[in-house]
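Visitor: I have a structure to get through today. Can we go over some strands and helices together?

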Amino acid sequence: MNLLDIPSQFDVLIVGAGAAGLYTALCLPESLRVGLITKESITISASDWAQGGIAAAVSREDSPKLHIEDTLKAGAGLCDVKAVKFLAEKAPICIQSLVNLGVAFDRHGNTLALTLEAAHSRHRVLHAADTTGREVTTTLAAQVLCRPNIQVIQQALALSLWIEPETNLCQGISLFYQGKVTWVKADAVVLATGGGGQVFAQTTNPAISTGDGVAIAWRAGAILRDLEFFQFHPTALTKPGRFLISEAVRGEGAHLVDKEGRRFAFDYHPDGELAPRDVVSRAIFGHLQHTAVDLATAHVWLDMRPIPADKIRHRFPNIIKVCQHWGIDVFNEPIPVAPAAHYWMGGIFTDLQNRTNIPGLYAVGETASTGVHGANRLASNSLLECIVFGGQMAHLQDEMLRKGQTTESASFPNPLSFELSVGDWENQQLQLEAIREKLPRLVWQSAGICREQSSLENAIATIESWQQDFANLPLSKFLQLLRPKEPASFNLPNIDQQLRLWAETHNLLDVAYLILKSATFRTESRGGHYRLDYPQLAPEWQFHTTIQNHRWWQSN
């Protein structure tokens, strides 16, 4: 099959090829024709960057009940208890499924090796050295590529959902692929596009994490939830790319120290560097505010020397390698670290079957808001959520049959053509690049670790101005007038690069707006959301922030 031979119809379309998308594809019945779409290659995703591991109560000293208690405690009163119970009780079965698929977790003899991470009451984090995400996604991708019913479509960009106006049924997507916009029909669309860390100037997320699924779903009328809750990882290497230094390093005994060598985190919480992530991130931020001259370049130190050298070599070979690249010898000197945006607790509101409020549309993984993370995710529950809820899609065919869901074959007219002078094309590119450069800095400054009303409101006004500038671009006017079934072609240079820049800028603008508005809406501090002007947790705010279109409200 050559690059341009994409069927016009699938039974199921999955957008995103991280752990959630890959596992979902493998769990769907093999009788279904599945399209798996990724804007990069199948090997590039945020899941691939996950170091620490995957949490599951698999030891005799542990239990799902304890896992539930730890998850609820971390979630600061906003977890859905039913969803958390489902996650923790399904976890051991899902771990066995991964082992059966070939995931090579570390072992002590015949027993799965377990480590401790912050806010866990037991050693329950399974790992594959310090590249657990890579081991999981590589194994799942190899299995996907062996399935004849799954067609992987790489270097393809989902632009919008195809919604039937009379029934509000999602019946496919518009897709930019090989220089053209086409419409692909499906009985079910699953969004598994990961998070949106690139909306922040400092993030551990890869470049592909631009909030695509959340933005696309919002524009189609999907209900979103808890978008103000973004988790900032305390220990990102303060070098370009903000490489994450896994929480497991602190779990194994590393110390967080200031320039005087003092373990300052105990000034902020009795658990010190093993306090919940939001607490440790704010401890670092607050400490640097009092001690640093330039906050933009400031950092503290993560000292791995308390860990035995042999254990460092066995558990953290990738961290050793990356630090060596930057001239840091972890055996003899501490690592410069500072907080960075890491994980989005909020997302598209879904139930236990991954259903959204739009019939035919599903969401899995970081893109979804299942209720398992509440206001603050417990470490290593993210990969677990991808697997547990991805496994729920095994029931999709039964659901489609019950609904009698069928999609008529699509026929398309000749493509509309978009042309622009070289000068106008270059000017448009400069405008997009300027927004992409300024937007993450604005969001980091106004909605980073600590927030307050006036800076949030100023940032919203700026974002709204940029959204208007974006809407006035010639490419925006052309693409947003495209109706379902109307394909488009482009007679322009570098169209693949340019259209991806356009689409990701579109999504980041909307994501920034949604995060900022949600952060102004919640007038308290809870979990990953901290307001300097409302520093206390407020009982009257033990509700979810729920969004549809431009309406915000509290919900249970």
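Visitor: In β11, what is the bridge partner of Ser-174?
Guide: Trp-183 is the bridge partner of Ser-174 in β11. Helices (H or I, at least four residues) and strands (E, at least two) are DSSP runs, numbered from the N terminus. This is a predicted model, where local features need pLDDT of at least 70, side-chain atom pairs count only at pLDDT 80 or more, and totals for chains, interfaces and linings use all residues. Residues are numbered from 1 along each chain as its sequence is written, and side-chain values use heavy atoms, with hydrogens and water left out.

Visitor: How many bridges are there between β10 and β11?
Guide: Six bridges, and β10 pairs with β11 (residues 180-191) in the antiparallel sense. Two strands pair if DSSP finds at least two bridges between them.

Visitor: What sits between those two strands?
Guide: The hairpin of β10 and β11 has two residues between the strands, and Gln-178 takes a positive phi near 50 degrees there.

Visitor: And how does β9 run relative to β10, parallel or antiparallel?
Guide: Antiparallel, with seven bridges joining β9 to β10. Ala-158 is opposite Leu-175 of β10. That hairpin has four residues between the strands, and Asn-168 in it has a positive phi near 65 degrees.

Visitor: Is β10 mostly covered or mostly open?
Guide: Mostly covered: of the nine residues in β10 (169-177), eight are buried. Buried means under 20% relative accessible area, exposed over 50%, and partly exposed in between (1.4 Å probe, protein chains only).

Visitor: What about Asp-226?
Guide: Asp-226 is not a glycine either, and its phi is positive, about 60 degrees. Asp-226 is in the loop between β12 (224-225) and β13 (230-237). Its relative accessible area is 2%, so Asp-226 is buried.

Visitor: Helices now. At what angle do α12 and α15 pack?
Guide: Helix α12 (residues 422-447) packs on helix α15 (residues 495-521) at about 30 degrees, with the axes 10 Å apart. Therefore α12 is roughly parallel to α15. Axes are lines fitted to C-alpha atoms, for helices over the stretch in contact, and angles run from 0 to 180 degrees between N-to-C directions. Angles under 35 degrees count as roughly parallel, over 145 as roughly antiparallel, 65 to 115 as roughly perpendicular and the rest as oblique.

Visitor: Which residues make that contact?
Guide: Among them are Trp-425, Leu-432 and Leu-439 of α12, and Leu-501, Trp-502 and Leu-508 of α15. Contact means heavy atoms within 4.5 Å.

Visitor: Back to α15. Is Tyr-513 buried or exposed?
Guide: Tyr-513, which is in helix α15, counts as buried because its relative accessibility is 6%.

Visitor: What is Tyr-513 in contact with?
Guide: Leaving aside neighbours within four places in sequence, Tyr-513 is in contact with Trp-218, Ile-460, Ile-463, Glu-464, Gln-467, His-550 and Trp-552.

Visitor: Where does Trp-218 belong?
Guide: Trp-218 is one of the buried residues in α5. In helix α5 (residues 212-219), seven of the eight residues are buried. Gly-221 follows α5 and has a positive phi, near 100 degrees.
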